[in-house]
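Colleague: I'd like to go through this one with you and ask how you back up each label. Could you put it up?

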Amino acid sequence: MKAKKMIGASLLALGAVFMLAGCGSKKDAKTITFWNPLTGDDGAYMDNMVKEYNKTDPEYPVKAVVTSDMYTKIYTVMNSKKDVPDLTLIHADRVPGFVQSDMLEPMDDVIKDKTEINADNYLPQAWSAGTVDGKQYTVPLDIHSSAMYYNIDLMKEYGVESFLDDNVVTFDEMMSLQGKMKDGDYVVNNALLSWCILAQIVNLGGDISDADGNPTVNTPEMKEALEALKEVADAGLMTPNGEDGYLMFQSGNVLFSTDGTWTSTAHDAVEGLNYGVTNIYAFSPDKFTNRGSSHMFSMLKNEERTDEKEAGIADFIEYIRENSMEWAKAGQIVASKEVIESDEFKNYKQSFFTSSPKEEESLHIFTYIHYPYVEEAINTYCLDIVYGDMDLDEGLQTMQKFVEDKIAEGNTGSSAE
């Protein structure tokens, strides 16, 4: 009798487990699982937007999951075809490779009933970065760009406010301060130096690939860009290699800090730091570039995603298009024109980069399929080259081979964005 009772109890318990599992599955079927790589402070702003959307009581609420090492996990779930998220936030440079690997579902059918989700209502670079062979694979959230912050008080102290008359600080202007800086003060730091180098390649009319898709790192344009930066470093005008030039700017010892739009939030928190924002330095004010990328909504291929859930995804993306001012608080250049054309957006420092057509045009997103390798190569060797620890020509050859070897290995690359 006891054995029978135990078996009966076990069966009832097992049945309860299956019922709970069934309820869980039913609930999951009505939830949009949204992976994003926002492990920093910006993750909190995304969570706020998701929470506000869910307060509208959508049929398909969104569950935001901050995923460290997200790209590695994406390849894992795509290989296993298990636990594939419904929606992902990926970087622009990932789109070409994901499309080539047949990992992304086009967004065209998903957004077809949302007539306002179209190229006209987003920053063109961000929208077009998700277009491959005439199909739209992503909808952009932002452009996150390099920026150059300047210390207003130091500019006055050194009498160089005129550097900003045309909103472009040139290499010649920086070099004009050689021998004039106080001990411990510097003209510029080396923050996000690889992005600044990439900007100069564009300024000089170069590129990081040729018409056949081969990487072009060892080029006259790359050499000229590195030579110009090496001249600044050799003159003692760049913060020393190995020291935190970003913190030195916040401490009031650096005129220009070449970090990202998103770091304005950190600069704002520094008491007494009187600063503004302008474009990355250039050879001439006639041509200036701010290297950018984009966080983009995308859908990995997933046979279990229903048409109804895709409609829910479209509802969420449309909500974000209209209600992403919260993302501006994270220091991002919001991609939605409805947001950036509003008066409220002008309160944020990064609105400088959408303040005129010329500024908007300066935002450059690289869409070369092997871009992650190129950036990795520059990051690996640029400091040694600029500070004279590696011969320039040797460095150019080494960077070129680095990228070619990575491509030959067929790895996916890594992007530090």
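Colleague: Which residue is the bridge partner of Ser145 in strand 13?

Modeller: Gly292 is the one in strand 13 that bridges to Ser145. Keep in mind that this is a predicted model.

Colleague: Okay, and what makes strand 8 and strand 13 a pair?

Modeller: Pairing takes at least two bridges between two strands. Two bridges join strand 8 to strand 13, and the strands run antiparallel, so by the cut-off of at least two bridges they pair.

Colleague: What about strand 8 and strand 15, how do you know that they pair?

Modeller: Two bridges again: strand 8 (residues 142–145) and strand 15 are joined in the antiparallel sense. Asp142 stands opposite Val334, and Ile143 stands opposite Ile333.

Colleague: Which sheet do these strands belong to?

Modeller: An open sheet of four strands, in the order 15-8-13-16, with mixed pairing.

Colleague: Why are strand 15 and strand 16 called edges?

Modeller: Count the partners. Strand 15 (333–334) and strand 16 (363–365) each have a single partner strand, so one side of each has no neighbour in the sheet. There's a helix on this sheet too: helix 9 (residues 193–203) touches strand 8, strand 13 (290–293) and strand 16. The direction of helix 9 makes about 115° with that of strand 13.

Colleague: What makes you say both faces of strand 8 are covered?

Modeller: Look at each side in turn. Asp142 and His144 are on one side, Ile143 and Ser145 on the other, and all of them are buried.

Colleague: Which residues of strand 9 point which way?

Modeller: Met148 and Tyr150 point one way from strand 9 (residues 148–151), while Tyr149 and Asn151 point the other way. All of these are buried. Strand 9 has partners as well: four bridges join it to strand 12 (residues 275–278), running antiparallel, and two bridges pair it with strand 11 (residues 254–257), also in the antiparallel sense. In strand 12, Thr278 is the bridge partner of Met148, and in strand 11, Phe256 is that of Tyr150.

Colleague: How do you know where helix 2 lies relative to helix 13?

Modeller: Two packed helices are described by the angle between their axes and the distance between the axes. For helix 2 (residues 42–54) and helix 13 (residues 307–322), the angle is about 115° and the axes are 11 Å apart. The crossing is right-handed. Met49, Val50, Glu52 and Tyr53 of helix 2 meet Gly312, Asp315, Phe316, Tyr319 and Ile320 of helix 13. By kind, the residues of this contact are six nonpolar, one polar and two charged.

Colleague: How many helices and strands does the chain have?

Modeller: The chain has 18 helices and 16 strands. Of its 417 residues, 52% count as buried. The C-alpha trace spans about 95 × 50 × 50 Å along its principal axes.

Notes: Residues numbered from 1 in each chain as written. Predicted model: local features only at pLDDT ≥ 70, side-chain atom pairs only at ≥ 80, totals over all residues. Heavy atoms only, no water. Axes fitted to C-alpha atoms, helices over the stretch in contact; angles between N-to-C directions. Left-handed = near helix turned anticlockwise from the far one by under 90°. Contact = heavy atoms within 4.5 Å. Nonpolar A, V, L, I, M, F, W, Y, C, P; charged D, E, K, R; others polar. Buried < 20%, exposed > 50% of the residue type's maximum accessible area, 1.4 Å probe, protein only.
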